[in-house]
Amino acid sequence: MKFTVGVALSPLDQLPELAKTAEECGYASIALPDSLFFSEEVSASYPYTPDGSRFWNEETPWVDPFVAAAAMGAVTSRIRFYTQVLKLNPRNPVLLARQIGSVAVLTGNRFGLGVGLGWSPEESRWCGGHFDHRGARADEAIDVIKLILGGGMVSYEGTYYEFGKLRMSPAPTEPVPVYVGGHTEAALRRAARVGDGWTSAMIKFDDLRDVLGRLGKLRAEYDRSGPFEIQAVCVDRFGLDGYRQQAELGVTDAIVVPWVFYGVGLDGPLQAKKDGMKRFADEIMGQL
């Protein structure tokens, strides 16, 4: 099982050093969050907290994940980066393909695309997107992105997106993996049907077991086999035994915030975070 460092809510000036330390300690990837803005008006509940409230506020620091990946990629050589997860609904997939391809090329094929629909109607509408039929729109968006990143002159005609023959150069020399997020039946079907993996929000172990069982059945239904990443943010299994249980369940990539296990906050000092990453690598990763 691999380990990925989640850097959500960290001060932005810490990101390059966190990436360098993660690479030195043997972490596989950096998980990059996505939030376009904090809207005072919210017409939908956040789906991953018990009461539907957001766990960040208008002063919480965020950065465009493509910019973050490029900045951290410039100071590293091996560690990978993936969005966890990028909201498709507010964005045009042709423009997204340009951004994804650029980061993949600049990092030497070290970028993966974790995607979700986006939960906020305001984020979609205020960025020129549409909140209606967002599942079907996301399906087409994934098709568009894969098509363009595959290289060559391509065109597309769908229900929601269409364009004539175009080519974006350079194209990545390796396919950009797509990890589908979401805990609903529709999201799991999307992951099983078109994803290279599934990525979770915060989830308890028993719920994770149910999800992975369902994913296995859906992948068989779609006649899909072969490698499939399971990226998990499991909130109630920690320590050596806990991560062994996750691995036995089928988790291939545990997303962790190592410094919180040693009493350092998300906005804590850089050196304390680096120390926490090293300690976790020694005490957990090095012993599995």
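Q: What does phenylalanine 55 count as, going by its relative accessibility?
A: Phenylalanine 55 counts as partly exposed because its relative accessibility is 44%, where buried means under 20% relative accessible area, exposed means over 50% and partly exposed lies in between, with a 1.4 Å probe and protein chains only. This is a predicted model, in which local features need pLDDT of at least 70 and side-chain atom pairs count only at pLDDT 80 or more, while totals for chains, interfaces and linings use all residues. Residues are numbered from 1 along each chain as its sequence is written, and side-chain values use heavy atoms, with hydrogens and water left out.

Q: And where is the place of phenylalanine 55?
A: Phenylalanine 55 is in the loop that runs between strand S2 (29-32) and helix H2 (65-73); helices (H or I, at least four residues) and strands (E, at least two) are DSSP runs numbered from the N terminus.

Q: New topic: where does alanine 141 lie, and is it buried or exposed?
A: Alanine 141 is part of helix H5, and it counts as buried because its relative accessibility is 3%.

Q: How far is alanine 141 from alanine 171?
A: Along the sequence they are 30 residues apart, and in space 18 Å lie between them, C-alpha to C-alpha.

Q: Which element gives the largest share of the lining of the second largest pocket?
A: That is helix H5 (residues 134-149), with three residues.

Q: What classes make up the lining of the second largest pocket?
A: There are eight nonpolar, three polar and three charged residues in the lining of the second largest pocket, with Ala, Val, Leu, Ile, Met, Phe, Trp, Tyr, Cys and Pro counted as nonpolar, Asp, Glu, Lys and Arg as charged, and the others, Gly among them, as polar.
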